[in-house]
Structures are given as structure tokens and as C-alpha cells.
Amino acid sequence: MWFGSPEKNSMIPTNPPRGEGVQYNLPVTNPTETILQALNTTTCFDLMRNSSKIVLFETTIPFQQAFLALVEHETDVAPIWDPERRTFVAMMTTRDYYQIKKRKSQLGVSLQSQSISDILLLEEFAFIQNEFHSIDAEDSVKELSGMLDRLDVEYISVLDSDEGNLVAVLGYMDILHLLAQLAQRYPSAFSTPIESLQLRNNISATAPINSTLNEVVDIMYERNISCIPITDNNQRVVGFYQYSDTAFISKLSPTSDLSVLSNLDNQIISDILEVQSTQTNHPNYNPTCHGKDSIKSVIEQMVSMRLTKLVYVDQNGICIGIIRAKDILNGILPE
């Protein structure tokens with residue numbers, strides 16, 4: 001899905017063939033080696049799913065329109081194409097929108113008339129991925145996970161080996177689908193409880209369920225975090241909010257109507273969680289896990305709830321921290 005000048009569409013090098021998956025039949029002599037071998041022998045092309053689509057933005061389109069396009073197409077990320085330089089220059093995510101909006105608000109600057117190129121010109125590090133990073137379709141999933149970890153990003157663009165065309169955007173959710181497949185095939189390799197993982201991050205904040213979206217985004221912006229546990233009056237975790245939770249926006253008004261953006265700040269988090277529950281087919285939407293849960297069950301829960309992070313809670317439901325797909329990969333693979 002491309003957004004920009006129609007006459008320039010043919011200039012953008014995209015060609016999205018899809019991989020058909022991989023069948024595994026590896027000997028389980030050492031669980032870690034089994035996982036490592038699978039990640040080394042599975043390519044990024046193998047990881048691409050038939051249902052995936054690519055949303056692309058040209059630098060000339062309005063920044064707010066770009067955000068609403070992400071919402072409409074239910075995606076969190078889009079590569080940015082510069083028609084003058086005829087190259088990809090960055091990646092835009094929903095987090096970028098909220099953070100740039102917050103910075104502009106503090107400066108008293110409106111986003112209403114600004115294009116993506118305006119944002120890129122005015123701010124040296126406007127986007128989290130202010131450079132365009134890519135990986136070859138024939139590179140392994142192990143190389144993909146290493147690149148995501150090294151750059152500390154959620155997504156990487158995939159280019160084909162022959163023409164250098166953009167064929168996919170892959171991230172931790174794609175790797176989780178592979179790990180879930182491996183966990184079904186080799187459950188013993190994923191039987192370790194998550195409390196054995198050396199979590200690298202501790203939660204720095206929570207937010208009460210009666211907060212407004214603006215209040216929650218303020219906390220996330222100040223702490224430089226991408227997600228936050230939501231708690232009840234007893235500090236028990238009852239939900240989870242992250243920048244990519246945008247399904248509620250399309251419930252407010254058609255996403256073609258920019259006026260919907262003026263109503264976001266006052267939305268109540270409890271209402272947003274209710275939409276999340278409906279969208280993910282989880283009536284009791286509570287993305288938490290416990291120390292005794294196996295890595296296999298946590299991976300399956302992440303895939304089922306379409307999340308790359310869960311809230312790690314104690315027996316009373318009090319937040320201990322956030323466990324990420326990145327933590328799982330770092331925990332099950334050798335240094």
C-alpha cells in the first residue's frame with residue numbers, strides 16, 4: 001500500500017513475494033543448539049507470511065495523514081521514500097507520531113500543515129529509525145534478530161537479493177511466529193520457566209486505569225518507554241498500553257477525517273483496553289505472565305494476543321517488569 005504522488009509510484013522498488021514457511025525435522029540433542037540451528041537455517045524470505053502487506057509513505061505526504069494511514073491499515077510501521085533522492089530514507093512508526101506530537105506541542109507548533117519531509121528537515125533525529133536499515137531476504141533469522149537487537153529497533157526492511165527491491169518489513173512478531181512453530185515441534189527446548197531469564201529491563205512506571213491517553217503518553221514520553229502496564233486501585237495489573245494500540249481510533253471517526261486526532265488526548269485508557277479485548281478476541285484482555293510460566297506458554301500467549309511484550313507480575317498481580325520477545329531471544333540463545 002503506497003501513499004504519495006501517483007505518477008511516481010513506479011519509481012519505488014517493491015516486489016513482495018512471500019515465503020511458504022519451513023518444515024523442521026532437527027535432532028534434539030541440545031535444546032539451545034536446536035533453536036540456534038533453526039534460526040540459522042531459516043531465511044528472512046522463509047519468515048514472510050502470505051497475509052503480510054507493506055505500507056509505504058512518500059516524504060511529501062502530510063505527517064498526520066501518514067499516521068492515520070497506519071491506523072487504517074492496522075500496521076505499526078512504514079518505510080519512507082524520498083522521491084527526489086529516489087531512495088528510502090527512514091521508517092515511521094506510531095510511536096514516532098506520538099513523540100513528535102508531544103515535542104511540537106511543548107514548542108507550541110502545530111502539526112496540521114507539516115509533511116513528513118518537513119519533520120525530517122526540522123529535526124535531526126525526528127524518527128526512532130532516522131536512517132533506513134535493511135537486511136537481505138536470504139539472510140538468516142539469526143542475523144535478523146541480531147540486527148534488531150544491535151540497532152535496538154522493532155522492525156527491519158527486507159530487500160531481495162537480485163534487484164534490491166523492498167519485499168517485506170519484519171520484526172519481533174514474525175520471529176515469535178517462528179519460535180511458536182519450533183515450540184510446538186520441540187517443546188522440551190522451550191520448557192524453561194521465564195523466571196530463569198536474565199531480564200535486562202525493569203519497569204519504570206505504571207498508569208491507573210482511569211487515566212486519559214494524554215496522561216499516559218506524558219508518562220511514556222518522559223520515561224522514554226514504548227509501553228506501560230495499566231493498574232487498578234490496588235496496583236494490580238489489569239491491562240497494558242503501547243503506542244501501537246491504535247484500533248480504538250477507527251472507532252471514534254473515519255480515519256480519513258483529521259478531526260479525529262483532536263479527540264485522542266481525552267480518551268480514557270479503560271475504553272481503549274476494551275477495544276483491545278474485542279480486536280484480539282480475548283474477553284479478559286490481561287497480557288500478564290508469571291515467573292513459573294514456561295517460555296513456550298509465554299511465546300504462545302504473545303502470538304495469540306498479537307503482542308511482542310507482556311507484563312511480568314507476581315502472585316498478587318503486582319507488576320515486576322516487562323518481558324519482551326527480545327528478552328526471550330537473548331535468554332534462549334548463547335551470547
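Select Asn224 to begin: this residue follows helix α8 and its phi is positive, near 55°. Helices here are DSSP runs of H or I with at least four residues, strands are runs of E with at least two, and both are numbered from the N terminus. The model is predicted, so local features need pLDDT of at least 70 and side-chain atom pairs count only at pLDDT 80 or more, while totals for chains, interfaces and linings use all residues. Residues are numbered from 1 along each chain as its sequence is written, and side-chain values use heavy atoms, with hydrogens and water left out.

**Helix α8**

Next, select residues 213-223, which form α8; Leu213, Val216, Val217 and Met220 are buried there. Buried means under 20% relative accessible area, exposed means over 50%, and partly exposed lies in between, with a 1.4 Å probe and protein chains only. Viewed down the axis of α8, the buried residues fall within an arc of 95°, so they line one face of the helix. The arc is taken from the directions from the helix axis to the C-beta atoms. An α-helix has 3.6 residues a turn, so residues three or four places apart point the same way. The buried residues of α8 pack against α4, β8 (207-208), β9, β10 and α10 (269-279), a contact being heavy atoms within 4.5 Å.

**The loop at Asp232**

Move to Asp232, in the loop between β9 (227-231) and β10 (237-242). Asp232 counts as buried, at 19% relative accessibility. A polar atom of its side chain lies 2.8 Å from the backbone nitrogen of Asn234. The backbone nitrogen of Arg236 lies 2.9 Å from a polar atom of the Asp232 side chain.

**The aromatic cluster**

Select Phe63, Phe67, Tyr97, Tyr98, Phe127 and Tyr243, which ring pairs link into a cluster. Rings of Phe, Tyr and Trp (its six-membered ring) pair if their centres lie within 6.5 Å; planes under 30 degrees apart count as stacked, over 60 as edge-to-face and the rest as tilted. The count comes to eight aromatic pairs. One of them, Phe67 with Tyr97, is stacked, at 3.9 Å centre to centre and 10° between the planes. Phe67 belongs to helix α3 (residues 63-72) and Tyr97 to helix α4 (residues 94-106), so the pair ties together parts that are 30 residues apart in sequence. Both Phe67 and Tyr97 are buried.

**Helix α7 and the cores**

Now select residues 172-185, helix α7. At 1.5 Å a residue, its 14 residues should span 20 Å, and the end C-alpha atoms are 20 Å apart, which agrees; the expected span is 1.5 Å times one less than the number of residues. Ten of the 14 residues are buried, so α7 is largely enclosed by the rest of the structure. Its buried residues pack against α1 (31-41), α2 (44-47), α6 (141-151), β7 (166-171), α11 (295-305) and α12 (325-332).

The largest nonpolar core has 56 residues, and those with the most contacts inside it are Leu144, Ile175, Leu179, Phe190 and Ile328. The largest share of this core, nine residues, comes from α7. Apart from this core lies another, of 43 residues, including Phe67 and Ile269. A nonpolar core is a set of buried Ala, Val, Leu, Ile, Met, Phe, Trp, Tyr and Cys residues joined through side-chain atoms within 4.5 Å.

**Last stop**

Finish at Glu33 in helix α1. Glu33 is partly exposed, with a relative accessible area of 44%. The C-alpha atoms of Glu33 and Ile332 are separated by 9.7 Å, although these residues are 299 residues apart along the chain.

Conventions. A polar contact is a pair of N or O atoms within 3.5 Å; within protein, one must be able to donate a hydrogen and the other to accept it, and residues adjacent in sequence count only if both atoms are side-chain atoms.
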